[in-house]
Amino acid sequence: METIRPSSDLRNHYSEISRQCHEERKPVIITVNGRGDTAVLGIQDYYQMKSELELLRTLAEAEEDVVNGRVEPIQNTFADIRNILSERKNNEI
C-alpha cells in the first residue's frame, strides 16, 4: 500500500520520502489540497514499471496480429532469422 503525504512534505522531508521509496519500494502519493497530485517512486521501480509496460504493449500487438491472421509458421521465422544472422556475419568479414 502506498503512503499518502502532503506536498509540503516533499519540500520539507524529501530525504525521508526518497529513503522510503527506495527501502520499501512503494510509491508515495503527494497530495495538494487533500487530493492526489503526484506519485513518487524510486528510479529502479520506475524503470521496471516502464519495461513491464513496454512488454505488455508488445504482447498486445502480438495478440492483435494473431487475431487478425498476421502470422506465419515458426519455420519461416527461424529461416528469416538465420538468413539475417548469416548476412550480418558475411558483412563483418
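**Figure 1. Contacts of Glu-2 in the predicted model**. Glu-2 belongs to the segment before β1 (3–6). Its relative accessibility is 36%, so Glu-2 counts as partly exposed, a class that lies between the limits of 20% and 50%.

**Figure 2. Glu-2 and Ala-39**. These two residues are 37 residues apart along the chain, and a distance of 9.2 Å separates their C-alpha atoms.

**Figure 3. The largest nonpolar core**. Five residues form this core: Ile-17, Cys-21, Val-28, Ile-30 and Val-40. Two or more residues each come from α2 (14–24) and β2 (28–32). In soluble globular proteins, nonpolar side chains tend to be buried together.

**Figure 4. Surroundings of Val-40**. Val-40 is one of the residues of the largest nonpolar core. Residues up to four places away in sequence are not counted here; beyond them, Val-40 touches Leu-10, Ile-17, Cys-21, Lys-26, Pro-27, Val-28 and Ile-30. Among these, Ile-17, Cys-21, Val-28 and Ile-30 are also listed as members of the core.

**Figure 5. A nonpolar surface patch**. Ile-74, Phe-78, Ile-81 and Leu-85 make up this patch, which covers about 380 Å². One of its residues, Ile-81, lies in helix α4, which spans residues 74–92. Ile-81 has a relative accessible area of 42% and is therefore partly exposed.

Technical notes
Residues are numbered from 1 along each chain as its sequence is written. This is a predicted model: local features need pLDDT of at least 70, side-chain atom pairs count only at pLDDT 80 or more; totals for chains, interfaces and linings use all residues. Side-chain values use heavy atoms; hydrogens and water are left out. A nonpolar core is a set of buried Ala, Val, Leu, Ile, Met, Phe, Trp, Tyr and Cys residues joined through side-chain atoms within 4.5 Å. Buried means under 20% relative accessible area, exposed over 50%, partly exposed in between (1.4 Å probe, protein chains only). Helices (H or I, at least four residues) and strands (E, at least two) are DSSP runs, numbered from the N terminus. Contact means heavy atoms within 4.5 Å. Patches are made of residues with over 30% relative accessible area and no salt bridge: like charges are joined within 9 Å, nonpolar side chains (Val, Leu, Ile, Met, Phe, Trp, Tyr) within 5 Å. Accessible areas come from the Shrake-Rupley method with a 1.4 Å probe; for residues, only the protein chains shown count as cover. A salt bridge is a side-chain nitrogen of Lys or Arg within 4 Å of a carboxyl oxygen of Asp or Glu.
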